[in-house]
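Here are my notes on this model, as numbered points. Have the coordinates open while you read.

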Amino acid sequence: MENETVGDQATDMDEPSKYGLKLLLNHEFPLKSKQLIIPRPKQIFEMLPLTARYFKYYLARKMQKRRPIMDYVHMISAQRMYGCPIGGIGGGTIGRGFKGEFCRFQLYPGLYEYVTVPECQFIVNIRDAKKETIFQSVLSTYNKPKKAPQSWEWNINGADCEYTALYPRAWTTYDLTKYGIKLVCRQITPVIPHNYKDSSLPCAVFVFTAKNISNEHRDVSITFTWTEVLGEPNKKKNIGKLDLERYAEEHTCGVTLEQKIADQPCTFTIAKKKQETETIHESYCLWNSAKTSGYVWECLKKHGKLEPDPNQSAKVTDNKNEKEKTKKMYKNDSIALSSTISLEPGGCNSTEFCLVWDMPVIKYKDSKIHKRYYSKYFGSDGIAGASIAAYALRNYENWEKQLAEWQDPILNNSNIPEWLKSALMNELYFIADGGTIWFDVSDEFPETDPRHEFGVFGYLEGHEYRMYNTYDVHFYASFALAQLWPNLQVVLQYMYRDSIAVESSKLRQSLYDGKSCKFKVKDTVPHDLGDPDGLPFTQINAYNIHDVSAWRDLNLKFILQAMRDYRLLRAHNAPFGGQRYRSMAFIGEPGDDVRDGTEDDLYSRSTGQADTDQSPDESCDLSPDPSPILTDRPSGVADILDLLYRSSEVVEECGERVEAREPAVAVWDSRQYLTDLYPACAALLRRGIEWDKDGDGLIENGGFPDQTYDAWVMTGPSAYCGGLWVAAISVVRQMARILGMEEDEREFGKLLEQARSSYENKLWNGTFYRFDTKPSNKDVVMADQLAGHWFLRASGWTDQVFPEENVKKALYTIYENNVMRFLNGRMGAVNGFVRGARGHVDTTALQSEEVWTGVTYGLAALMIYEGMHEQAFVTAGGLYNTLMKMGLAFETPEALYENGNHRSIAYMRPLAIWSMYQAILARPCSSVPTNNGQPHHAKENNL
């Protein structure tokens with residue numbers, strides 16, 4: 001059935017965002033990058049025992065037909081092709097190439113298949129006033145694969161098309177002026193801050209808007225095709241076990257394909273809005289990808305829309321024998337759906353499709369049935385595809401309004417450089433596309449536990465480093481969850497809290513030194529919560545290179561996150577207002593749209609445009625040297641501090657006192673959170689005292705890689721772990737003060753003074769904090785030396801736990817050496833730099849000569865807190881621009897090397913970029929950021 005136009009029905013949503021990743025569909029990335037790690041001879045010699053033990057482990061896993069948690073034998077280089085992926089949080093994701101392909105499938109949690117499926121496509125057909133086809137093409141400029149349907153044609157000119165990605169949306173504009181048409185595809189996935197129900201949905205909506213710029217009638221047909229998706233490499237299609245059906249409901253219709261992925265049922269549904277006169281028998285086709293793909297193409301070319309293949313059911317007569325016989329039929333493994341837009345000259349109209357993959361139940365090697373979070377609302381029987389599709393097609397415009405309410409204040413904030421606006425949004429892809437799992441466990445926990453309402457949550461350290469919620473890395477990445485889905489951060493913290501007291505008697509070999517160690521030791525934070533190829537959340541500490549019970553940073557990072565979370569929970573900058581969003585799950589009934597005039601959104605309130613009787617709260621200035629709040633703020637910034645930092649409590653160490661007001665959204669009670677986590681925090685801190693061997697109040701490292709830099713040895717007191725230790729003591733003392741634990745407050749106050757004194761005396765050298773006390777490292781400047789102070793600033797601290805003058809000197813030293821003397825600031829901050837007249841990158845270890853994306857973003861955030869905005873934007877902006885030139889969007893690696901190579905694609909730590917946003921809200925810059933994040937004197941990038 002054709003959609004008739006009535007005038008121009010285009011919307012503002014069809015116009016691509018001003019910001020985001022923007023590429024022509026024939027774009028070639030100017031910088032090359034691949035995953036090729038070449039250790040130096042000294043490093044090879046030191047790593048030989050570890051390498052030998054790793055290969056033994058690797059072979060054992062292969063014999064067990066299991067994947068190693070980190071595969072150093074078959075490392076995956078960046079594909080340099082990705083755009084915005086689709087799929088909500090915890091329901092599986094499907095990658096999209098910026099040239100139009102469907103690729104990188106993660107449907108079974110945590111396990112990725114790097115394949116491009118040519119039968120999964122959109123096809124456009126344009127017909128003239130005579131109903132004759134004048135153009136037909138697959139809507140992709142990706143080189144036609146050899147195994148693609150032979151008759152299908154890739155006729156799009158990439159130079160005439162542009163892609164824009166601003167997660168979780170994307171736009172592709174197709175200039176088909178030669179045929180009288182301009183076409184825009186808008187892709188929407190409901191990954192929406194604070195909207196826990198819709199953010200969990202395994203679906204995406206595609207809105208195609210066509211405009212007739214010719215002087216005669218045009219019919220534009222869009223066809224969506226889908227086929228069986230292989231769940232494992234080299235697996236053959238299993239057509240005999242597929243189930244394909246068509247269906248029609250009141251307002252939608254579609255086709256479904258049921259298959260198995262990793263032995264788990266999964267049903268794909270492609271659906272569209274149904275016209276009133278449309279029947280179930282129109283505009284669809286079931287087909288065989290190997291045998292009848294030609295029918296799909298020719299049917300569209302002949303009719304401009306799909307019709308069921310008559311050869312699949314028709315009977316023919318043999319004239320010679322006059323006997324009726326059935327023509328040969330093929331078992332179908334693919335589905336397709338088409339929709340036609342009929343346009344008069346100058347007319348404009350749209351058609352919408354939805355893709356759903358319903359795989360509600362996951363079974364691991366135990367007998368337990370794990371239900372994905374979205375099944376809480378749509379059931380776990382595996383027949384929800386049509387219902388989810390109908391819900392999505394009915395609500396996607398509302399989703400876009402909610403996304404605009406959240407994103408507009410950021411995009412319109414003149415304190416934020418343009419590259420950072422794009423980076424903030426697009427790095428969020430990892431929240432959903434990080435191998436994420438999110439299970440409903442409401443029947444396992446009481447209502448007094450956040451998991452009753454919000455389930456259990458996990459995301460991988462990286463696509464190649466398959467461990468859930470790797471805690472030393474989540475420390476950096478957690479700013480995204482804590483600000484946008486705070487209840488998931490709370491859930492994660494409770495999951496770790498419950499693991500702290502666990503002790504395991506089971507032993508295993510550490511690959512680093514070959515010693516036997518327990519899987520888990522009491523009063524320690526585990527490294528991770530399991531492997532997706534094992535029993536996640538049950539078999540914890542999958543990481544087996546080191547004995548993580550001796551790691552110095554894990555316990556301290558739990559403490560620091562607890563206080564930062566407490567700060568955000570009680571002073572949360574909710575991007576939505578109104579009573580509608582104050583329910584715990586933030587669930588709108590179907591059709592519950594945001595109506596004009598009812599919004600009380602962040603943008604309106606932050607720019608003073610909302611009509612409200614509420615008096616504004618007093619803003620809190622977090623800078624070390626408070627200055628008067630300017631009344632003439634840049635666009636999109638006024639009163640945002642009020643939204644981020646409101647509270648009814650007095651926290652003397654944070655230096656704030658503001659009046660209470662009703663929160664805009666429901667987040668877990670901050671005081672309950674602190675009360676529940678405090679015993680664990682105190683136990684972890686007291687356990688850490690065991691690492692203070694000389695009794696000076698400061699912990700020492702053990703002379704092996706006992707922290708997140710797990711190939712970089714620290715010996716004795718170190719800037720990194722020592723700084724985390726001092727900050728953690730300050731935090732636990734403050735927790736005790738808030739909760740009225742006077743004896744604990746005195747105990748930790750005394751320890752803090754001793755630790756601060758030792759830290760300054762042993763590690764401060766006048767310009768920076770020493771990497772450690774080993775003489776050979778005396779000139780090594782570590783980019784991450786102020787990580788503890790960074791978290792204190794993010795928690796609202798204005799008390800000088802670390803002397804302000806020392807912090808500023810250290811930051812300038814890092815900027816001058818690790819940033820500007822390393823590729824002139826074009827690649828962020830190298831982890832280690834040996835200062836001096838002939839300064840050079842520290843080559844002691846592989847990781848000392850790497851740039852870690854998340855560490856660079858965290859360092860830039862701290863620079864912002866300390867008023868070094870220009871240096872922050874140069875540091876982070878140089879790195880971001882290089883990543884984009886390398887084509888590493890939506891697969892941001894953990895590390896880059898000076899030669900342009902990378903390590904560990906699609907990694908968790910880059911989410912630390914959201915700490916920069918929090919810092920900008922706390923301390924807006926006094927002038928507009930300059931030069932888009934590039935140093936004034938930076939030379940042309942010639943990496």
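1. The side chains of Arg 564 and Ser 478 make a polar contact of 2.9 Å (N or O atoms within 3.5 Å, one able to donate a hydrogen and the other to accept it; residues adjacent in sequence count only if both atoms are side-chain atoms). Arg 564 sits in helix H11, residues 554-570 (helices are DSSP runs of H or I, at least four residues, numbered from the N terminus).

2. Bear in mind that this is a predicted model, where local features need pLDDT of at least 70 and side-chain atom pairs pLDDT 80 or more, while totals for chains, interfaces and linings use all residues. Numbering starts from 1 along each chain as its sequence is written, and side-chain values use heavy atoms, with hydrogens and water left out.

3. Is Arg 564 buried or exposed? Arg 564 is buried, because its relative accessible area is 0% (buried is under 20%, exposed over 50%, partly exposed in between, with a 1.4 Å probe and protein chains only). Beyond neighbours within four places in sequence, its contacts (heavy atoms within 4.5 Å) include Phe 479, Gln 489 and Phe 791.

4. Now the core. The largest nonpolar core has 278 residues (buried Ala, Val, Leu, Ile, Met, Phe, Trp, Tyr and Cys joined through side-chain atoms within 4.5 Å). Helix H15, residues 719-739, gives the most to this core, with 15 residues. Leu 355 is among the members that touch the most others; the residues it touches include Phe 102, Trp 226 and Phe 268.

5. A second, separate core has 12 residues, including Trp 152, Trp 154 and Trp 297.

Notes. Helices (H or I, at least four residues) and strands (E, at least two) are DSSP runs, numbered from the N terminus.
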